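Here's a quick tour of a structure, written for someone meeting it for the first time. Keep the 3D view open and click along as you read.

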There are 2 protein chains.
Amino acid sequence: MATNPSVVTLKDVASVAGVSVATASKALNGRQDVAEATRSRVAEVAGRLGFTRNELARSLLSQRSGTIGLLTGDLDGRFVLPILRGAEDAFGAGAIDAFLCDARGDVIREQHHLNALLTRRVDGIIVVGRSTDSRASLGQNLPIPVVYAYAPSDDPRDLSLTPDNVSGGELAVHHLLDCGRTRIGHITGDPTRAAAQDRTTGFLRAMEESGSTPCGEVMASAWSEQWGRDATAVLLEQHRDLDAIVAGSDLIARGVLDAVRDSGRTVPDDVAVIGYDNWSVLVTGARPGLTSIDSNLERLGHEAARHLFRAMSDDDESAHGVHHLPVRLVIRGSTIAHR
Amino acid sequence: MATNPSVVTLKDVASVAGVSVATASKALNGRQDVAEATRSRVAEVAGRLGFTRNELARSLLSQRSGTIGLLTGDLDGRFVLPILRGAEDAFGAGAIDAFLCDARGDVIREQHHLNALLTRRVDGIIVVGRSTDSRASLGQNLPIPVVYAYAPSDDPRDLSLTPDNVSGGELAVHHLLDCGRTRIGHITGDPTRAAAQDRTTGFLRAMEESGSTPCGEVMASAWSEQWGRDATAVLLEQHRDLDAIVAGSDLIARGVLDAVRDSGRTVPDDVAVIGYDNWSVLVTGARPGLTSIDSNLERLGHEAARHLFRAMSDDDESAHGVHHLPVRLVIRGSTIAHR
DNA sequence: AGAGTGACCGAAAAGGTTTTCGTACAGTTT
DNA sequence: AAACTGTACGAAAACCTTTTCGGTCACTCT
């Protein structure tokens, strides 16, 4: 009732209930060797006094804090968030809580946060990057398991989970070929990024395997609508027979859509367009709706948490290496005319 | 060197350095009454053994965990993330870490997380909502301070920080009037949402104060591009002389831009358009760039953390009530022709 | 020489919980 | 009546650190 400033402890509960702290503990935790009458009495008192056990003390004793660290390079959110959500979800019902640390891409800040996490005795760490470029490992001599999500570690002894961008590029091409397209162009973002390179690799490989040749050079510059518009204008000018474009991101694809429309062509009848990331707000608002590749980031986060969890439970040596998780195609109106 | 499975404790450091744990503790924490020679010796041993102090034990003793809880309704990210970043930033250099809890809009899950936070003895909680609609209070009989961000608490005894949407609506109108516009329409999202209502209130108030009348009815339906396009088409049909549109969100504004363009008019010459939220990816990619209202969410998160921090330090009764934080106008090409 | 003064260090308690082990006692068996 | 069984409970140790307070020792001052 009264907002009690001093937190009520197990000792308080025990003394009010007229038992020892040992018995009170056993009663509240459903342990053996406590009479039903006492158990219920203790429970009643605990409830009445508003007792909440001190997890710090419990952790100190059990040598496990029941917490993990989420070490992110940048809370920019586009890619990090679904992963966090998936991880949260995986631990969900369990009694695990997560520390969120944003290193802001700064190495010393990351080190600082890592230290903080270690002093707080987290049971494990998920490092989630903001791009699929590989990043520096946290090192091998940590007392707790680490899983890298999205951005893989550069040390193959670490376990990394990252989406299979190559397969994403292939998926896009296969879908367009299935739709009967043959003159397929490719416009993507920053060519120094692994995401751009890998998706392009998949694009080229699938084209070659099907015996097709790309329509025009691969155009790689920036992850922006503006670049999508500009590149498309050039591509359409040079290749009048172009009938499909694989974009390296949804944002680029939005620019592509605009430019195709500006040129007097229609989507998907004249030109089919396919994006990448399946960023809900961009793909559903587009006209027509944008077919896109979904990296299943939430599942990636889920898997990362699952792997970490397993590494935390078994002490046995955990898995390692870079795992490429499957991506999937989400079909909308930009590649298939509805009805 | 060797990945030591058993964590090294202060006792280990002390025994290797040939001192008592008390002295070791004092040495590492820069306390009085320890000879310089011993201090450096202890420090050297601690470094060599890879000692990291156990914050759990320290917290247990000091009765403060140095952690806070971030209780969010939905990790959707659009509004939550900047706030989290601001909060992270405010604690930044300090030794405070944050637990991230996603209740997914579920009341019992929120209660579960709240309990978890309490057992972990967090020193305070920031509740960050995903809309500006008010939400149920966590209650008054919590042993720690709570600050509500974005979504205000429905209990005026709580402290809530939320952006001043009314003023945002006014700001938009004033800017358009300054640009010489007189026939101003308003298209916004879900009318059951406080965000839509408040922005509209500001819009109408500013119009009235300036002696103008809105161009057409206020059109409120969904926070989508599609709705922006549809509503704009109707509005332009009914009011050929319309020369500006205030949109309730950037997404709606993007639809407005498209529809204006489709009608053969140009932005901003024929029709000026202004969005809301200043969502970077939407406003910069638009053509022309979209003038928008920025809610300063990062600052809001920063302020929330600052308030919480103060409430955690002083035991004196903290502030309360709903604080409306100022928003700002960000001007781009959709309202002012460049050059 | 005796007293006084610092500087340095260690023993012990505290924080809240869980677990182990021992004790008391009621009831049952020879 | 003696020995045994099993149930219910409590004392105490353990987890790791910090802080208080008392103690030791080498000095300096009268």
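Let's start at a proline in chain B: Pro268(B) sits in the loop between H10 and strand S9 (272-276) of that chain. The peptide bond that joins Val267(B) to Pro268(B) is cis, with omega at about 5 degrees. Bear in mind that this is a predicted model.

- As background, most peptide bonds are trans, and most residues other than glycine have a negative phi.
- Chain A has a cis bond to look at too: the one from Arg287(A) to Pro288(A), where omega is near -10 degrees.
- You'll find Pro288(A) in the loop between helix H11 (280-285) and strand S10 (291-294) of chain A.
- Asp33(A) isn't a glycine, yet its phi is positive, near 60 degrees. Look for Asp33(A) in the loop between H2 and helix H3 (36-49) of chain A.
- Is Asp33(A) buried or exposed? Asp33(A) counts as exposed because it has 8 C-beta neighbours inside 10 Å.
- Asp277(A) also has a positive phi, near 115 degrees, and it belongs to the loop between strand S9 (272-276) and H11 of chain A.
- Asp277(A) counts as buried, because 26 C-beta neighbours lie inside 10 Å.

**Back in the chain B loop**

- With 14 other C-beta atoms within 10 Å, Asp270(B) is partly exposed.
- What does Asp270(B) touch, leaving aside its neighbours within four places in sequence? Its contacts are Asp243(B) and Arg265(B).
- Asp270(B) and Val218(B) are 52 residues apart along the chain, and 20 Å separates their C-alpha atoms.

**The nonpolar core**

- The largest nonpolar core holds 78 residues.
- Which members touch the most others? They are Leu70, Ile83 and Ile126, each of them in chain A and in chain B.
- Take Leu70(A): leaving out residues up to four places away in sequence, its contacts include Leu84(A), Ala87(A), Phe99(A) and Ile126(A), and also Leu100(B) from chain B.

**Where chain A meets chain B**

- Chain A and chain B each put 39 residues into their contact.
- On the chain B side, the elements that give two or more residues include H4, helix H5 (80-91), strand S2 (97-102) and helix H6 (107-119).
- Sorted by class, that side of chain B has 16 nonpolar, 13 polar and ten charged residues.
- Leu75(A) is in the loop between strand S1 (67-72) and helix H5 (80-91) of chain A. With 22 C-beta neighbours inside 10 Å, Leu75(A) counts as buried.
- Not counting residues up to four places away in sequence, Leu75(A) touches Val80(A) and Asp102(A) in chain A, plus Leu81(B), Leu84(B) and Arg85(B) in chain B.
- Leu75(A) and Leu159(A) are 84 residues apart along the chain, with 22 Å between their C-alpha atoms.

**The two H4 helices**

- Helix H4 (residues 55-62) of chain A and helix H4 (residues 55-62) of chain B have axes that come within 9 Å and cross at roughly 140 degrees.
- The crossing of H4(A) with H4(B) is left-handed.

**Around the DNA**

- DNA strand C has 27 residues around it, and the closest are Leu10(A), Ala22(A), Asn54(A), Ala57(A) and Ala22(B).
- Elements giving two or more residues to this surface are helix H1 (10-17), helix H2 (21-28) and H4 of chain A, together with helix H2 (21-28) and H4 of chain B.
- The surface near DNA strand C splits into 14 nonpolar, seven polar and six charged residues.
- How many residues surround DNA strand D? There are 25, with Ala22(A), Thr23(A), Leu10(B), Ala22(B) and Ala57(B) the closest.
- H2(B) gives the most to the surface near DNA strand D, namely four residues.
- By class, the surface near DNA strand D has twelve nonpolar, seven polar and six charged residues.

Technical notes: Residues are numbered from 1 along each chain as its sequence is written. Chains are lettered from A and ligands numbered from 1 in the order in which they are written. This is a predicted model: local features need pLDDT of at least 70, side-chain atom pairs count only at pLDDT 80 or more; totals for chains, interfaces and linings use all residues. A nonpolar core is a set of buried Ala, Val, Leu, Ile, Met, Phe, Trp, Tyr and Cys residues joined through C-beta atoms within 7 Å. A residue is buried if 20 or more other C-beta atoms lie within 10 Å of its own, exposed if 12 or fewer, and partly exposed in between; C-beta atoms are placed from the backbone. Two residues are in contact if their C-beta atoms, placed from the backbone, lie within 7 Å. Axes are lines fitted to C-alpha atoms, for helices over the stretch in contact, and angles run from 0 to 180 degrees between N-to-C directions. A crossing is left-handed if the near helix is turned anticlockwise from the far one by less than a right angle, and right-handed if clockwise. A residue is near a molecule or strand if its C-beta atom, placed from the backbone, lies within 6 Å of it. Ala, Val, Leu, Ile, Met, Phe, Trp, Tyr, Cys and Pro count as nonpolar, Asp, Glu, Lys and Arg as charged, and the others, Gly among them, as polar.
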